[in-house]
Each structure stands twice: as structure tokens, then as C-alpha cells.
Amino acid sequence: MQRRRQRGLAPAGGAPRPPFGTAVVRGRSMLPTLREGDLLLVRHGVRVRPGDLVVARFPDGTLTVKRALERRRTRAGADAWWLVSDNPDEGVDSRHRGPVADDQVLAVVRLRVWPLPRLGRPRRGP
């Protein structure tokens, strides 16, 4: 049986992940900033700042793109981020799942590659 590697995740055997990767937006939770099908260039291993768009993993294993709003702590006391949707009427975020531990915030979005590139930091929320 051949093992397939999921895009953006560390390779088997604990080898370090490459510094850049890609993510594809699914759903409407990040409208108007991001749309279904947008291809994003992401950077692993960089410091997250409030307002950054990030790729994170919720405790149930779901990969998501959300906005890092502020620092919080998990129930276990670990450092974490409160992640929100730009479109609060759609999707699931920290309001539903709670803060996301630092080690589960996998990458920071650097730019939208497709359909039209946008350079610089993505728009900050209200």
C-alpha cells in the first residue's frame, strides 16, 4: 500500500517541512478576503502576529484558514491563538472550537497566488 503525503504537512519520519507550501480555500467563511478555490502561498515556521491569516488544525483534525485575532490559553494552560472567520455567519472558528494551540497553527498566509496575486499582508479584520 502506497502512503500519500498530504499537502502542507510534515513528511513521514519527522523530516523538517519545507519553508513554503500552498493551501486551497474551501467554503465561504473568509469572504470577502478569500473565496472558494483561492490558492494561497503559505510560510511555515514564522511568527504569527495578530491579524495574520493562518493555516491551522482544529482538535478534530480539520485543516482551516482563519484570521489570528489574539493570544489565549487552552483549557490545559498551553499558549494558543483565538482564530476567527472574516465572514462570521459562515463556517466554524474559535467561537465554536475554542483557542487553537500554538503547535497547531501550521503556517502564515503570505499571498494569494490564484486567481489574481495580492502582494503584502492580507487585510486585517475589524
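Strands here are DSSP runs of type E with at least two residues, numbered from the N terminus. The model is predicted.

**Hairpin of β3 and β4**
- Strand β3 covers residues 53-57, and strand β4 covers residues 63-73.
- The two run antiparallel and are joined by five bridges.
- Five residues lie between them in the hairpin.
- In that turn, G61 has a positive phi of about 100°.
- V55 stands opposite V65 of β4.
- A56 has T64 of β4 as its bridge partner.

**Hairpin of β4 and β5**
- Strand β5 spans residues 79-84.
- β4 and β5 pair in the antiparallel sense, over six bridges.
- This hairpin has five residues between its strands.
- G77 takes a positive phi near 90° in this hairpin.
- R72 has A80 in β5 as its bridge partner.

**T64, in β4**
- T64 sits in strand β4.
- Is T64 buried or exposed? Its relative accessibility is 11%, so T64 counts as buried, the cut-off being under 20%.
- Setting aside residues up to four places away in sequence, T64 touches V54, V55, A56 and F58.
- One of these contacts, A56, is also the bridge partner of T64.

**V84, in β5**
- V84 belongs to strand β5.
- V84 has a relative accessible area of 16% and is therefore buried, again by the cut-off of under 20%.
- Which residues does V84 contact, leaving aside neighbours within four places in sequence? They are M30, K66, R67, L69 and D93.
- V84 and G51 are 33 residues apart in sequence. Their C-alpha atoms are 9.8 Å apart in space.

Conventions:
Residues are numbered from 1 along each chain as its sequence is written. This is a predicted model: local features need pLDDT of at least 70, side-chain atom pairs count only at pLDDT 80 or more; totals for chains, interfaces and linings use all residues. Side-chain values use heavy atoms; hydrogens and water are left out. Two strands pair if DSSP finds at least two bridges between them. Helices (H or I, at least four residues) and strands (E, at least two) are DSSP runs, numbered from the N terminus. Buried means under 20% relative accessible area, exposed over 50%, partly exposed in between (1.4 Å probe, protein chains only). Contact means heavy atoms within 4.5 Å.
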